[in-house]
Amino acid sequence: QVQLVETGGGLVQPGGSLRLSCAASGIILSISTVGWYRQAPGKQRELVAAVARGGSINYADSVKGRFTISRDTANNQWYLQMNSLKPEDTAVYYCNADVFTGGGWSPYWGQGTQVTVSS
């Protein structure tokens with residue numbers, strides 16, 4: 001069993017910063033791509049940022065230049081530094097990873113953490 005646990009959400013004023021963390025635990029032989037998604041009320045879940053094991057990074061256009069994804073491969077953790085936050089960044093943020101547990105590769109999700117940007 002694999003668990004992903006996010007921390008770091010909360011309420012922040014426009015222009016502020018937050019740092020999200022995700023830690024994976026359980027029977028993990030390897031993790032390939034890790035990422036962050038978000039879902040705002042009434043909208044579909046969307047990719048925010050992802051980083052492959054080899055280091056290539058993909059960002060949603062809406063967060064380029066403001067958000068930075070990073071990973072600590074040795075410790076199965078990854079992060080999302082969010083700067084210059086805007087009200088439209090308000091959403092539940094989920095971490096995601098493609099994990100090899102021995103029986104094959106499967107996607108796993110965290111439980112989500114609320115990020116609210118409001119004055």
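Student: Which residues is Glu6 in contact with, leaving aside its neighbours within four places in sequence?

Tutor: Contact means heavy atoms within 4.5 Å. By that rule Glu6 is in contact with Ser21, Cys22, Trp36, Tyr93, Tyr94, Cys95, Gly110, Gln111, Gly112 and Thr113, once neighbours within four places in sequence are set aside. This is a predicted model, in which local features need pLDDT of at least 70 and side-chain atom pairs count only at pLDDT 80 or more, while totals for chains, interfaces and linings use all residues. Residues are numbered from 1 along each chain as its sequence is written, and side-chain values use heavy atoms, with hydrogens and water left out.

Student: Where is Glu6 found?

Tutor: Strands (E, at least two residues) and helices (H or I, at least four) are DSSP runs, numbered from the N terminus. Glu6 is found in strand S1, residues 2–7.

Student: Is Glu6 buried or exposed, and which side chain of opposite charge is nearest?

Tutor: Buried means under 20% relative accessible area, exposed over 50%, and partly exposed in between, with a 1.4 Å probe and protein chains only. For charge, Lys and Arg count as positive and Asp and Glu as negative; His and the chain ends are not counted. A salt bridge is a side-chain nitrogen of Lys or Arg within 4 Å of a carboxyl oxygen of Asp or Glu. Glu6 is buried and has no salt bridge; the nearest side chain of opposite charge, Arg45, is 7.6 Å away.

Student: Which backbone nitrogens lie by the side chain of Glu6?

Tutor: A polar contact is a pair of N or O atoms within 3.5 Å; within protein, one must be able to donate a hydrogen and the other to accept it, and residues adjacent in sequence count only if both atoms are side-chain atoms. A polar atom of the Glu6 side chain lies 2.7 Å from the backbone nitrogen of Cys95. The side chain of Glu6 also reaches the backbone nitrogen of Gln111, at 3.1 Å.

Student: How many disulfides are there, by the rule used here?

Tutor: A disulfide is a covalent bond between the sulfur atoms of two cysteines. Here the rule is a pair of cysteine sulfur atoms within 2.5 Å, and the count comes to one. Cys22 and Cys95 form that disulfide, with their sulfur atoms 2.0 Å apart. Cys22 lies in strand S3 (residues 18–26) and Cys95 in strand S9 (residues 91–100), so the pair ties together parts that are 73 residues apart in sequence. The torsion about their S-S bond is about 45°, so the disulfide is right-handed. Both Cys22 and Cys95 are buried.

Student: Which residues touch the most other members of the largest nonpolar core?

Tutor: A nonpolar core is a set of buried Ala, Val, Leu, Ile, Met, Phe, Trp, Tyr and Cys residues joined through side-chain atoms within 4.5 Å. The largest one has 29 residues, and Trp36, Trp78, Leu80, Met82 and Tyr93 touch the most other members. S9 gives the most to this core, with five residues. Leu80 touches residues including Leu18, Trp36, Phe67 and Tyr93, not counting those up to four places away in sequence.

Student: Where are Asn76 and Ser84 found?

Tutor: Asn76 is in the loop between S7 and S8, and Ser84 is in the loop between S8 and S9. Phi of Asn76 is near 55°, a positive value in a residue other than glycine. Ser84 is not a glycine either, and has a positive phi of about 50°. At 23% relative accessibility, Asn76 counts as partly exposed; Ser84 is partly exposed too, at 40%.
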